[in-house]
Amino acid sequence: MLQGLLSGLAAGGTFAALGLLLTAMYRLTATVNLAVAAIGVAGVYVMAALTESGLPYGVAAAAGVAAGALLSAGCGAVMVRWFAAGDAQTRTAVSIAQLIGIIALAYILFGDTPRVLPNPASGAAAELAGVVITWATPALLALAALLGGGTHLLLTRTPLGLRLRAMAERPVTTELLGIGTRLPAVVLWAATGGLAALVLLLVAPVRSSDILSLSMLIVPACAAALVGGLTRLSGALLGGLALGLLEGVLAGSAALREYRDAVPFAAILLILMWTRRREVWDAAR
């Protein structure tokens, strides 16, 4: 049990970090950015292509983060320019289209062969209960904590956070008042894409490195964000960590290992059923 929990820490940090990015984007732009993991994957594959061409890892990783930021900024520009006043369903549909488009483009540019990715955080940070904890695990946990704390400060302590929240809740009113929010929103999208690429750079070397599998990390990220109702950062953080720990426990059981990939889907279904319970009960009466 302890070994499974320790081995699930890295996955928990990944799910929490991506869940926090989803929550932050929803709080600040009223958009569930389902393409965020795929954007990070694009950054990873840019890094891989550059390292294969002979560039040092540090330069290639910086370029990968920049590529993720630029790609995300493009997605954000489309969303802000044409769909800012759309309802949540419309923006979610556009986000799904962006997700599919990025995956398709990545396959065209990089092929469908998984890459052997360099892992600068492969060194052992500690060993507990016979489990070697690499530096990627504390790095992902620290990144998740920084994302949560930084987003909280942005939302509650800065004029920019106030302007973005106003745009998310009342986009037309915000524009009529002459409050410029389009450029800050695109910058926020770019920052989210760069951070997603950074998260994927840490986790991709120790997971299945094909494009689709990494892009589907959005599923546990959504489950983590839904734990906090897409509004509470603490819920996304705790939800991501809990999912990662559960994945680690299931991976350590020969009988249950094959079911671990179904856990995020089950979590999403249960959370949605729980949040809609009052409507169902009221209709039953």
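## Overall fold and confidence

The model is predicted. Its mean pLDDT is 83, and 84% of the residues reach 70 or more. Where pLDDT is low, the predicted coordinates should not be read in detail.

The protein has 285 residues, of which 46% count as buried. Of the contacts with a separation of 6 or more, 74% are accounted for by residues 24 or more positions apart.

## Helices 5 and 9

Helix 5 (residues 88-110) has 23 residues, and the distance from its first C-alpha to its last is 32 Å, close to the 33 Å expected at 1.5 Å a residue. Its buried residues are R91, V94, S95, Q98, L99, I102, I103, A106 and F110. These residues pack against helix 2 (9-29), helix 3, helix 4 (57-83), helix 9 (182-203) and helix 10 (211-215). Just after helix 5, G111 takes a positive phi of about 80°.

Helix 9, one of the packing partners of helix 5, has 22 residues and should span 32 Å at 1.5 Å a residue; the 32 Å between its end C-alpha atoms agrees with this. Because 16 of these 22 residues are buried, helix 9 is largely enclosed by the rest of the structure.

S72 is found in helix 4. With a relative accessible area of 1%, S72 is buried. Leaving aside residues up to four places away in sequence, S72 touches I39, W189, A190 and G193.

V46 is found in helix 3. Its relative accessible area is 21%, so V46 is partly exposed, the limit for a buried residue being under 20%. Not counting residues up to four places away in sequence, V46 touches A63, G64, A67 and F110; F110 is also one of the buried residues of helix 5. The C-alpha atoms of V46 and A62 are 9.9 Å apart in space, and the two residues are 16 apart in sequence.

Most residues other than glycine have a negative phi. A30 has a positive phi, near 60°, and its place is in the loop between helix 2 and helix 3. A30 is buried, with a relative accessible area of 13%. L230 also has a positive phi, of about 65°, although it is not a glycine. L230 is in the loop between helix 11 and helix 12, and at 15% relative accessibility it counts as buried.

## Pockets

| Pocket | Volume |
|---|---|
| Largest pocket | About 710 Å³ |
| Second largest pocket | About 360 Å³ |

The largest pocket is lined by 34 residues, and those closest to its centre are A11, F15, R207, E247 and R260. At least two lining residues each are supplied by helix 1 (2-7), helix 2, strand 2 (131-134), helix 6 (136-157), helix 10, helix 11 (218-227), helix 12 (233-251) and helix 13 (263-275). Helix 12 gives the largest share, five residues. By class, the lining of the largest pocket has 22 nonpolar, eight polar and four charged residues.

The second largest pocket has 16 lining residues, with V32, C222, L226, L230 and I268 nearest its centre. Helix 5, helix 11 and helix 13 are the elements that give two or more residues to this lining. The largest share, five residues, comes from helix 11. The lining of the second largest pocket divides into 13 nonpolar, three polar and no charged residues.

Methods: Residues numbered from 1 in each chain as written. Predicted model: local features only at pLDDT ≥ 70, side-chain atom pairs only at ≥ 80, totals over all residues. Heavy atoms only, no water. pLDDT = per-residue confidence, 0-100. Helix = DSSP H or I, 4+ residues; strand = E, 2+ residues; numbered from the N terminus. Expected span 1.5 Å × (residues − 1). Buried < 20%, exposed > 50% of the residue type's maximum accessible area, 1.4 Å probe, protein only. Contact = heavy atoms within 4.5 Å. 1 Å grid on protein atoms, 1.4 Å probe; cavity = no way out; pocket = protein on both sides within 12 Å on 5 of 7 lines; lining within 4 Å. Points joined across faces, edges and corners; volume = space filled by probe spheres on them. Nonpolar A, V, L, I, M, F, W, Y, C, P; charged D, E, K, R; others polar.
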